[in-house]
Amino acid sequence: MNRRAAIIGHPLGHSLSPVFQAAAFAAAGLDVTYERWETAPADLPARIESLRAPDVLGANVTIPHKEAVIPFLDTLDPDARIVGAVNTIVARDGRLTGHNTDGPGFVRALHEDAAFDVRGARILLLGAGGASRGIAFALARAGAGELVIANRTLSRAERLAAGVASATGVPVRAVPAVECVGFSAVVNATSIGMSGGPDPAGTPVALAGADRGTLVVDIVYSPEETPLLREARARGLPALGGLPMLIYQGALAFELWTAEPASVATMFDAARMELARRETMQP
Ligand code: ATR
């Protein structure tokens, strides 16, 4: 029987998930169609209800619905409950469970693609929006020694810092802006540097003064080399882009839906081919 999975968001224009999830289902020999379900906020309840159909495996959830979907689900995985955001829904026998694979995907990218050990590390996290939430909790749960969350709107950073510190016991400070000194890693979880975003040519922090060996991570994956990553490499700092996190959160979702291993190599190839195709199409 053909089954379906989908991504739910608004707007979905640039999402790479349909491309690499379809490639992964094909590589696994599974008869699953991965659909794009562009869903305005008013249509979200009906859209989530439609996941209860017997041929639906589940869905990915993206901007702006990661928090809004929660009341329409039957159960939440403990991580999703703590983070307060769902990026993956698993449908089984008409019951819907919400998961959050963003944070675990990010930590896996640090380990596998940057050989970075989170345990005991002092990490600067830039941004306090939806993307930052999952990352902050996952870093704390993975044993970070201290987190500093810097955000333009300080109150958002303070709320996130208080939530992570009380849930995990890890020391977390919120600051309006900070110099990049004394950290083992700095992570951009703002949309600065993203093509089509609010400041595509900008960088979210000055890297002058960064300790030698500070890992610079950008969760932005389009372009694959952001201005921040370009500056990091020019300064001789190790740098990691956002594509591995994107692929691993998708691979974890695939595995939750199918109980089969996802071919991350296939997913990377498909995503890179699509990014290259888009770059050649740009004016
Ligand atoms: P996401 O779910 O992708 O994290 P979001 O919740 O809108 O999206 O969060 C975007 C993040 O990027 C926020 O931390 C935002 O800062 P504010 O909380 O002050 O809005 C940050 N951001 C976006 N554009 C920015 C800019 N031009 N300068 C500084 N920070 C910016």
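Colleague: Where is D93 found?

Modeller: D93 sits in the loop between β5 and β6 (95-99). Bear in mind throughout that this is a predicted model.

Colleague: What makes D93 exposed?

Modeller: The relative accessible area of D93 is 79%, and exposed means over 50%, so D93 is exposed. Its phi is near 50°, a positive value in a residue other than glycine.

Colleague: And why is A259 called exposed?

Modeller: Same cut-off, over 50%: A259 has 70% relative accessibility, so it counts as exposed. A259 lies in the loop between α8 (243-258) and α9 (264-281). Here too there's a positive phi, about 60°, although A259 is not a glycine.

Colleague: Now for A85. Why is A85 called buried?

Modeller: Buried means under 20%. A85 comes in at 4% relative accessibility, so it counts as buried. You'll find A85 in the loop between α3 (78-83) and β5 (88-92).

Colleague: What is A85 in contact with?

Modeller: If you leave aside neighbours within four places in sequence, A85 is in contact with K66, E67, I70, A80, H99 and N100.

Colleague: Let's go to the salt bridges. How do you know that R4 and E35 form one?

Modeller: The N to O distance between their side chains is 3.7 Å. A salt bridge needs a Lys or Arg nitrogen within 4 Å of an Asp or Glu carboxyl oxygen, so the pair qualifies. It links distant parts of the chain, with R4 in strand β1 and E35 in strand β2, 31 residues apart. R4, E35 and D55 are also linked in a network of salt bridges.

Colleague: Why are R4 and E35 called partly exposed?

Modeller: Partly exposed runs between the buried limit of 20% and the exposed limit of 50%. R4 has 22% relative accessibility, so it counts as partly exposed. E35, at 23%, is partly exposed as well.

Colleague: What about strand β1 itself: how many of its residues are buried?

Modeller: In β1 (residues 3-9), 5 of 7 residues are buried, so the strand is mostly covered. Parallel to β1 runs β2 (residues 32-38), joined to it by 7 bridges, with G9 opposite E38.

Colleague: What makes β1 and β3 a pair?

Modeller: Pairing takes at least two bridges, and 5 bridges join β1 to β3 (residues 56-61), so they pair, running parallel. A6 stands opposite A59 in β3.

Colleague: On to the open sheet. In what order do its strands come?

Modeller: The order is β9-β8-β7-β10-β11-β12, with parallel pairing. The edge strands are β9 (172-175) and β12 (239-240), since each pairs on one side only.

Colleague: How do you know that β10 and β11 pair?

Modeller: There are 4 bridges between β10 (residues 185-188) and β11 (residues 215-218), against a requirement of at least two, so they count as paired. In α7, P227, L228, L229 and A232 are buried.

Colleague: D218 lies in strand β11. How do you know that D218 has no salt bridge?

Modeller: The nearest side chain of opposite charge is R233, 9.2 Å away. The limit is 4 Å, so D218 is buried yet has no salt bridge. Its contacts beyond four places in sequence include N188, L228 and L229.

Colleague: What does R233 form a salt bridge with, then?

Modeller: With E225, where the closest N and O atoms are 2.7 Å apart. That is within 4 Å, so R233 and E225 meet the criterion. R233, at 41% relative accessibility, counts as partly exposed, and E225, at 32%, counts as partly exposed too.

Key
Residues numbered from 1 in each chain as written. Predicted model: local features only at pLDDT ≥ 70, side-chain atom pairs only at ≥ 80, totals over all residues. Heavy atoms only, no water. Buried < 20%, exposed > 50% of the residue type's maximum accessible area, 1.4 Å probe, protein only. Lys, Arg positive; Asp, Glu negative; His and termini not counted. Contact = heavy atoms within 4.5 Å.
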